[in-house]
Amino acid sequence: MLDSPSSDTPRSGDVALVLAALMLVSYGLIMIYSTGVAVAERTYGDSFYFVKRHLLNLLVAGLAFYVGYRIDYRRWRAWIPWMMVGMLLLLLAVMVTHYGASVKGGRRWLRVAGFGFQPAEFLKVVLVFYVASYLERKQALLGSFTKGLIPTFLITGLYLFLVLLQPDFGTVVLVAMTVLVMLFLGGGRLTHITASILSVGMVGGLLVASEEYRMKRVLAFLDPWSDPWNSGYQIIQAFIAIGSGGWTGRGLGMSRQKLFFLPEAHTDFIFAIVGEELGFIGVLLLLALFTVFLWRGFWVAWNVQDTFARHVASGFTTLISLQVLFNLCVVTGLMPTKGISLPFISYGGSSLMTTMLITGILVNISRNVSAQRG
């Protein structure tokens, strides 16, 4: 299953991509300890609780990176039908079996023998592979909305509907936007993509209006101070954290907002604590690392000659780009609150494993670029 590098392919991949990923992982480990220490001590009686679990997650994520790096990217193409079937079964299992677990009002987890994971996280990888394969096979049809785009919308829509039932609105928006960007970069007409985005926006608006808690989030996003102790509480606390950091921050470990003021400080809102403890300089460093990672990802997509690899690389890099953008916009009050983690940085095993698998695949593709240029 794992392939050794061929004689005409260098063993190393894109060095800058790997270094950026390692530095982001290290940055995340430090911030998870800093942001989670107080909650871990009060809840579990162990200030290192989240760090210990994150180190275990890093071990599994490292194995995921190794698998992505060692398996020739071409092999994934043949496995796509099986991955699609498996993903469908996992999403159904979340909803209809006793292995599905509810956390904070959402039924998004599968727990088997004490091990838990979120299938929706791995759906991101599978759908990028599916769309990349579709773009390669149906290139001549992409100019047609009915023959080129509709089939993709129907397939991805089925999976996203199952995710919406969990409910996980943030993942649905993230994956839908990634698919649309992939279709545009793959040759879809701008008018068709624009119409699709407007349609998705209308559907999203109806979905928001259909649930009271989503409407509260939107209203809180527009004016969080109208309900400062309920729907607007989290974003206000994030504002206080970021605003109090200044240029250099309060200092690592010195955040006040993490002391039970800001909910989800070590997960979705960890960026706010970065701003408070490390200040504008620490934020710039983090953004610089993400910029390097994403630049190298798109560079790989631009330079690889294999069509399937190009779509895979552009899809994965777009996915990470949008996830970073959405998380930062949520934390800084530019978007309504959604459950979207910050890649490499936020605490969470499924997200970290998926991100490292994607990184390994990108590095594997970059080896192919090196071989072509050699």
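Me: Let's start with the second largest pocket, so how much space lies in it?
Reply: In this predicted model, the second largest pocket holds about 630 Å³ of space.

Me: Which residues lie nearest its centre?
Reply: Leu160, Val172, Ala176, Val200 and Val203 lie nearest the centre of the second largest pocket, and they belong to a lining of 23 residues.

Me: And which helices supply at least two residues of that lining?
Reply: Helix 5 (145-164), helix 6 (169-185) and helix 7 (190-210) each supply at least two residues of the lining of the second largest pocket, and of the contributors it is helix 7 that gives the most, with 10 residues.

Me: How do the lining residues divide into nonpolar, polar and charged?
Reply: The lining of the second largest pocket divides into 16 nonpolar and 7 polar residues, with no charged residue in it.

Me: What lines the largest cavity?
Reply: Its lining is made of Glu121, Lys124, Leu319, Ile320, Gln323, Ser351, Thr354, Thr355 and Ile358. The elements that give two or more residues to the lining of the largest cavity are helix 4 (119-137), helix 11 and helix 12, with the largest share, 4 residues, coming from helix 12. By class, the lining of the largest cavity has 3 nonpolar, 4 polar and 2 charged residues.

Me: And what lines the second largest cavity?
Reply: The second largest cavity is lined by Lys124, Leu127, Val128, Val175, Thr178, Val179, Met182 and Leu319. Here the elements giving two or more residues are helix 4 and helix 6, and helix 6 gives the most to this lining, with 4 residues. By class, the lining of the second largest cavity has 6 nonpolar, 1 polar and 1 charged residues.

Me: OK, salt bridges next. How many does a search of the whole structure find?
Reply: A search of the whole structure finds 7 salt bridges.

Me: What does Lys52 form a salt bridge with?
Reply: Lys52 pairs with Asp46, and the closest N and O atoms of the two are 2.9 Å apart. Lys52 has its place in helix 2 (residues 49-70) and is exposed, because its relative accessible area of 51% is over the 50% cut-off. Asp46 is partly exposed, with a relative accessible area of 21%.

Me: How far apart in space are Lys52 and Glu276?
Reply: Taken C-alpha to C-alpha, Lys52 and Glu276 are 24 Å apart in space, and they are 224 residues apart in sequence.

Me: What about Lys258, which residue does it form a salt bridge with?
Reply: Lys258 forms a salt bridge with Glu277, where the closest N and O atoms are 3.1 Å apart. This pair links distant parts of the chain, since Lys258 is in the loop between helix 9 (233-243) and helix 10 while Glu277 is in helix 10, 19 residues apart.

Me: Are those two buried or exposed?
Reply: Lys258 counts as buried at 4% relative accessibility, and Glu277 is buried with a relative accessible area of 0%.

Me: What about Asp72 and Arg74, where do their side chains meet?
Reply: Their side chains meet in a salt bridge, with an N to O distance of 2.5 Å. Asp72 counts as partly exposed at 24% relative accessibility, and Arg74 is partly exposed at 36%.

Me: Turning to the surface, which residues form a nonpolar patch?
Reply: Trp247, Phe280, Ile281, Leu284 and Leu287 form a nonpolar patch on the surface, with about 520 Å² of accessible area together. Leu287 is found in helix 10 (residues 270-303) and is partly exposed, with a relative accessible area of 31%.

Me: Last one, where is Thr337 found?
Reply: Thr337 is found in the loop between helix 11 (307-331) and helix 12 (349-373). Thr337 counts as buried because its relative accessible area of 17% is under the 20% cut-off. The C-alpha atoms of Thr337 and Leu162 are separated by 21 Å, and the two residues are 175 residues apart along the chain.

Key: Residues are numbered from 1 along each chain as its sequence is written. This is a predicted model: local features need pLDDT of at least 70, side-chain atom pairs count only at pLDDT 80 or more; totals for chains, interfaces and linings use all residues. Side-chain values use heavy atoms; hydrogens and water are left out. Buried means under 20% relative accessible area, exposed over 50%, partly exposed in between (1.4 Å probe, protein chains only). Patches are made of residues with over 30% relative accessible area and no salt bridge: like charges are joined within 9 Å, nonpolar side chains (Val, Leu, Ile, Met, Phe, Trp, Tyr) within 5 Å. Accessible areas come from the Shrake-Rupley method with a 1.4 Å probe; for residues, only the protein chains shown count as cover. A salt bridge is a side-chain nitrogen of Lys or Arg within 4 Å of a carboxyl oxygen of Asp or Glu. On a 1 Å grid over the protein atoms alone, a cavity is a set of points where a 1.4 Å probe fits but cannot get out, and a pocket is an open set with protein on both sides within 12 Å along at least five of seven lines; lining residues have an atom within 4 Å of a point. Grid points are joined across faces, edges and corners, and a volume is the space filled by probe spheres set on the points. Ala, Val, Leu, Ile, Met, Phe, Trp, Tyr, Cys and Pro count as nonpolar, Asp, Glu, Lys and Arg as charged, and the others, Gly among them, as polar.
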